[in-house]
Amino acid sequence: MSLTISTKRLKDSVEIRISMQHPSEDGQRLDKKTGKPVPADFMQRIVVKIDGRQLVETFLGGDMSTNPELVFKSKGVPVGALISADWIDLKGDKGHVEAHFAG
Amino acid sequence: MRTSFQRRRLLGLAAASPFLWLASALKPVAAWAADWPQSLFNMPTSDDALRLMGAQAAQPGKQILIEAPEIADRDDRVTVRVYSAIPATEQITILVDKALRPVVAQFVLTAEAEPDVSVTIKLPNTSTVRALVKAGGKQYSVSKEIKLAMEPCDAPNTGSKPNKATKGKHA
């Protein structure tokens, strides 16, 4: 369970890509060995901030792809800005990740 | 704690698998996740979810674009982008009608964010995908069908709802 932030300068905004390492189990998939459903476990909430100011709060359900990706755009990302993401999943695992916008 | 959670999960399983989510979601997790709109994400149909959001009478979203493949090659990773040109767009919710739990993602945008988001989802079946946009206190919706190149043929345990239109057909 981890998350990485990458950025890309677009014509008139900055793209912020959130790539997650997560199984995104929806609780429906059957374990091939046991025949029992694999318990639900998916990313629930991700909050992205730029220099401490909230950009977007995302809520997700179980129908994300495995290792899901989110893409946001903002015009308010100065060079050197600190982009952060806080995440928590259904099992309560959580983390805080930061990255600087290199320009 | 662990034992009681597992027992509860087993009970949920025994009752019916659709309740598995609920059983899992009920377990005590960090308060930080308490903001997760559980009832919305547990709605069994898009209509129920729209009703819960007070969006049954959402206006047609002529200024909303859903960018997604017409035909998805794979069911486990489909990129869906929603772009809204409606001023003061503050929230975007993405729903997949045929998913067991149609609400797949909700984005609460601040003024610093462009109303332009992408997410990678599972597509259990050919389905209508909806984007519900809240802007200036009003709700707008737009939908698009994404076809699955290969319909799942193992109908049970796919986690999708029956698709009458395509039942028995294979692309």
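Helices (H or I, at least four residues) and strands (E, at least two) are taken here as DSSP runs, numbered from the N terminus, and two strands count as paired if DSSP finds at least two bridges between them. With these terms in hand, β1 and β2 of chain A form a hairpin with four residues between them. The complex is a predicted model, in which local features need a pLDDT of at least 70 and side-chain atom pairs count only at pLDDT 80 or more, while totals for chains, interfaces and linings use all residues. Residues are numbered from 1 along each chain as its sequence is written, and chains are lettered from A and ligands numbered from 1 in the order in which they are written.

Confidence comes next. The predictor assigns the complex an ipTM of 0.96 and a pTM of 0.83. For chain B, the average pLDDT (the predictor's confidence in each residue, from 0 to 100) is 81, and 69% of the residues score at least 70. In residues 26–30 of chain B the pLDDT falls below 50, and beyond near neighbours in sequence this stretch has five contacts in the model; two residues are in contact if their C-beta atoms, placed from the backbone, lie within 7 Å. Residues 164–171 of chain B also have a pLDDT below 50, with nine contacts in the model beyond near neighbours in sequence.

Among the contacts in chain A with a separation of 6 or more, 53% link residues 24 or more positions apart.

An open sheet of six strands has the order β1(A)-β2(A)-β5(A)-β7(B)-β4(B)-β2(B), with antiparallel pairing. Its edge strands are β1 (2–9) of chain A and β2 (64–67) of chain B, each of which pairs on one side only. From one strand to the next, the twist averages 15°, with axes being lines fitted to C-alpha atoms (for helices over the stretch in contact) and angles running from 0 to 180 degrees between N-to-C directions. Strands of a sheet pair through backbone hydrogen bonds, either parallel or antiparallel.

On the chain A side of this sheet, eight bridges join β1(A) and β2(A) in the antiparallel sense, and A:T7 stands opposite A:I16 in β2(A). Strand β2 (residues 14–21) of chain A is in turn antiparallel to β5 (residues 69–74) of chain A, over six bridges. Within that pairing, A:V14 has A:S74 as its bridge partner in β5(A), and A:R17 stands opposite A:V71.

The contact between the chains takes 41 residues from chain B and 38 residues from chain A. On the chain B side, α1 (2–15), α2 (20–25), β6 (103–109) and β7 each supply at least two residues, and β6(B) gives the most, with seven residues. By class, this side of chain B has 24 nonpolar, eight polar and nine charged residues; Ala, Val, Leu, Ile, Met, Phe, Trp, Tyr, Cys and Pro count as nonpolar, Asp, Glu, Lys and Arg as charged, and the others, Gly among them, as polar.

Turning to the interior, a nonpolar core is a set of buried Ala, Val, Leu, Ile, Met, Phe, Trp, Tyr and Cys residues joined through C-beta atoms within 7 Å. The largest has 61 residues, of which A:V48 and B:I94 touch the most other members. Not counting residues up to four places away in sequence, B:I94 touches B:V80, B:V82, B:V104, B:A105, B:V119, B:V129 and B:A131. In the loop between β2 and β3 (43–50) of chain A lies A:G27, which is buried because 27 other C-beta atoms lie within 10 Å. A:G27 and A:D41 are 14 residues apart in sequence and 7.2 Å apart in space, C-alpha to C-alpha.

Key:
Buried ≥ 20, exposed ≤ 12 C-beta atoms within 10 Å, placed from the backbone.
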